[in-house]
Amino acid sequence: MSGFRKFILRGNLVDLAVAVVIGTQFSALVKQFVDSFITPLLALVGGTPNFDSLVLKVGKTPFMYGKFLTVAISFLISAAVVYFVIVLPVARLLRLFERDVEATERECPECTRSIPIRARRCPECTAEIVAPGPTRTVPAPR
């Protein structure tokens with residue numbers, strides 16, 4: 001029992017469980033948002049997107065591809081809402097925060113691996129790195 005308890009209480013397993021619970025709740029939130037706001041807006045334009053009645057019969061076996069189309073369209077609409085309402089604004093917000101952070105790494109000129117700015121030798125290719133000196137601006141010819 002003690003081994004099982006250690007396994008359950010390890011940080012990464014608990015983090016995974018929390019992520020699954022939050023992901024499930026977030027999925028329900030997005031679905032409800034789409035059902036409450038986006039689907040009625042689409043219904044104003046082109047009617048309710050419901051293809052549940054589409055059925056293909058092969059012999060006596062029905063293939064209800066209409067239900068799949070309805071769920072696929074709902075998924076695409078939900079993915080678009082999540083992207084444009086959540087992903088893009090958060091990415092812009094993160095770029096605003098990163099703009100103020102001072103650079104701590106640069107690329108090695110030989111192997112293009114990220115190395116610390118103060119490094120004198122690349123840990124990957126062992127090339128000697130020339131310390132960046134003051135930049136000089138050359139006036140444009142007239």
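Which helix holds Ser-78? The model is predicted, so local features need pLDDT of at least 70 and side-chain atom pairs count only at pLDDT 80 or more, while totals for chains, interfaces and linings use all residues. Residues are numbered from 1 along each chain as its sequence is written, and side-chain values use heavy atoms, with hydrogens and water left out.

View 1. Ser-78 is found in helix H3; helices (H or I, at least four residues) and strands (E, at least two) are DSSP runs, numbered from the N terminus. Ser-78 has 15% relative accessibility and counts as buried. Here buried means under 20% relative accessible area, exposed means over 50%, and partly exposed lies in between (1.4 Å probe, protein chains only). If you set aside neighbours within four places in sequence, Ser-78 touches Val-30 and Val-34, a contact being heavy atoms within 4.5 Å.

**View 2. Helix H3 from end to end.** The 35 residues of H3 should span 51 Å at 1.5 Å a residue, which agrees with the 49 Å between its end C-alpha atoms; the expected span is 1.5 Å times one less than the number of residues. At Tyr-83, H3 bends by about 35 degrees, taken as the angle between axes fitted to the seven residues ending there and the seven starting there. Buried residues of H3 include Gly-66, Thr-70, Ile-77 and Val-81.

**View 3. The aromatic pairs.** Searching the whole structure turns up two aromatic pairs. Rings of Phe, Tyr and Trp (its six-membered ring) pair if their centres lie within 6.5 Å, and planes under 30 degrees apart count as stacked, over 60 as edge-to-face and the rest as tilted. Phe-33 and Phe-37 make a tilted pair, 5.3 Å centre to centre with 45 degrees between the planes. These two residues are four apart in helix H2 (residues 11–46), so about one helical turn separates them. Phe-33 is partly exposed, at 31% relative accessible area. Tyr-83 and Phe-84 form an edge-to-face pair, 5.1 Å centre to centre with 80 degrees between the planes.

**View 4. The loop at Ala-103.** Follow the chain to the loop between helix H3 (65–99) and strand S3 (105–107), and you will find Ala-103. Ala-103 is exposed, its relative accessible area being 52%.
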